[in-house]
Amino acid sequence: MADRLTCRFRFRACLAAGLMAGLAAAPAAAQSPLADPTRPPAGYAQDGDAPAAAPSGPVLESVVLPKKGRPLAVIGGRLVRVGEYYGDSRLIRVTEREAVLEGPAGIERLFLTPGIEKTPIVTRNRAQASGGTRSGSKP
């Protein structure tokens, strides 16, 4: 019976010591900031060591092309429908890739992905690729 009590006492003492050690380390861990998992690795920059410059002027964030109703664009965090004004410029057209503003300085195109140009993929027909008629077809 005495051995059982001693064993239980030792177990509880070890458990309490482990919990206290864990609680003592918790404030130190809570003070260090967590790293952003989506952030690129340190030292990774497109133009050497210089960070990317913030865009000047309006920025196109999103476009909505409903089946019914007027298309709209989210420019600089503000919802603008075709025909409405964003500052001194009027939104005159919205496509899947861009929004076109017309203002005192002329026409300004805002692209959703300014650094990416969309190019169509050109494919040849199978008949052209094989150089003749398709297999199984009559001459």
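**Strand pairing and salt bridges**

In this predicted model, Val74 has Leu79 of S3 as its bridge partner. Residues are numbered from 1 along each chain as its sequence is written, local features need pLDDT of at least 70, side-chain atom pairs count only at pLDDT 80 or more, and totals for chains, interfaces and linings use all residues. Side-chain values rest on heavy atoms, with hydrogens and water left out.

Strand S2 (residues 72-75) runs antiparallel to S3 and is joined to S3 by 4 bridges. Strands here are DSSP runs of E, at least two residues long, numbered from the N terminus, and two of them pair if DSSP finds at least two bridges between them. Three strands make up an open antiparallel sheet, ordered S1-S2-S3, with S1 (60-64) and S3 (78-81) as the edge strands, each pairing on one side only.

On to the side chains: the structure holds 4 salt bridges, each a side-chain nitrogen of Lys or Arg within 4 Å of a carboxyl oxygen of Asp or Glu. One of them links Glu84 and Arg70, with the closest N and O atoms 3.8 Å apart. Glu84 sits in the loop between S3 and strand S4 (85-86) and Arg70 in the loop between S1 and S2, so the pair ties together parts 14 residues apart in sequence.

Arg93 and Glu98 also form a salt bridge, at 3.2 Å between the closest N and O atoms. Arg93 is partly exposed at 39% relative accessible area, while Glu98 is buried at 11%; buried means under 20%, exposed over 50% and partly exposed in between (1.4 Å probe, protein chains only). Together with Arg109, Arg93 and Glu98 are linked in a network of salt bridges.
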